[in-house]
Amino acid sequence: MAVTQPPPDVLRAAYAEFIVTDLAAARWFYVDLLGLLVTAEDDEAIHLRAYEEYLHHSLVLRRGTTPALARLGYRVRSNAELDVAERYFRELGVDTRRVPAGTCRGIGEAVRVQDPIGFPVEFFYDAEHTERFTQRYDVHGANAISRLDHFNVAVPDVKAAHAYYRGLGFGVSETIEDGADNLYAAWMFRKQTVHDIALTGGDGPRLHHVAFATQERHQILHTCDVLGALGREHHIERGPGRHGVSNAFYLYLRDPDGHRIEIYTSDYYTGDPDNPVQRWDVHDNRRRSFWGHSVVDSWYYEASTALDLDGKQVPVTSPEKREALVSVGADGFSVSTENNERHPFKIGEQV
Ligand SMILES: O=S(=O)(O)c1ccc(O)c(O)c1
Ligand SMILES: [Fe+2]
């Protein structure tokens, strides 16, 4: 069906809401360890923000029985965009609801949808303002996190998800392809950096991760050292390292419920209309880690289930092709585009 309604003018990825089974344990991870600021909290939920952020929150931790993604929030340019969003998604024929201010604490009137690729998404403009701690160096930890940067979602059909987000007006900065018309991953943006959303091929709809940005790499390294010092190094899943895609320095952590958080810094500007798309070959071992490090299996296969607008788990389907299998040869070694020559010392590449 041809879409006649224009999409809402999305500014950026703005907040996520996680269901966590132990609010105190989650509070330790996000406040005591990562240093996020508490804007509001009660027995049911904690509303958190990072130092550069002046809106009420960029992360909500809500107590529940099963870990899940409850919502992804995008900020739109004005309240007028709520009518645009409502018309756009009703025309797409998905579950579309207008919710009053305060439905999410700190957020104004909003439009909530279960989007065409199965995710619970909220579009909002109005939000309570709070103190911006950009220069409150007196309270920043050595691992200070600046802001939420992006969402990454696991989807069984990256092409369909890519088409949906292109329709929503998102640009494409980078992709992982194989030259045989298969799209394994895509990075898409509204703000002028590498992505607000990344699409990762896998069982979905599930949340792969939410990423927060730091100003510099040393802040990421400090979090690693703190986890080692505390004997809590098991929260480190992948990295630290340098991404091929995005060129960012990264670290992946798993929170007490298994939700994946990336700490990320130093990607690049994508704001000119002729910004070139960087296309990676799925067999290029530098794509995920520019230094050729292998990707731990859990990073490809584990993710957080998503809820629908009534809080029920969204059924998950599997992709036809899995990057983890395509980029690893039959002998269990990762393959390279350099005519598949073997580097014996890269034994670590064996899956
Ligand atoms: O691992 S990748 O280099 O593909 C990558 C690039 C950017 C990201 O934000 C990410 O999570 C993963
Ligand atoms: Fe990421």
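Me: Are H209 and E262 buried or exposed?

Reply: Buried means under 20% relative accessible area, exposed over 50% and partly exposed in between, with a 1.4 Å probe and protein chains only; here both H209 and E262 are buried. This is a predicted model, in which local features need pLDDT of at least 70 and side-chain atom pairs count only at pLDDT 80 or more, while totals for chains, interfaces and linings use all residues. Side-chain values use heavy atoms, without hydrogens and water, residues are numbered from 1 along each chain as written, and chains are lettered from A and ligands numbered from 1 in written order.

Me: Which residues are the protein donors of the iron ion (ligand 2)?

Reply: Donors are N, O and S atoms within 2.8 Å of the metal (3.2 Å for Na, K and Ca), and water is not among the atoms, so sites may look incomplete. The iron ion has H150 (NE2), H209 (NE2) and E262 (OE) as its protein donors, lying 1.9 to 2.1 Å away, and their spacing in sequence is H-x58-H-x52-E. H209 in strand β13 (residues 206–213) and E262 in strand β16 (residues 260–265) are 53 residues apart, a pair that links distant parts of the chain.

Me: What is the order of the strands in the open sheet of eight?

Reply: Strands are DSSP runs of E, at least two residues long, numbered from the N terminus, and two of them pair if DSSP finds at least two bridges between them. The order is β2-β3-β4-β1-β5-β8-β7-β6, with mixed pairing, and the edge strands β2 (37–41) and β6 (96–99) each pair on one side only. Between β6 and the antiparallel strand β7 (residues 110–114) there are four bridges, and R98 stands opposite V111 in β7.
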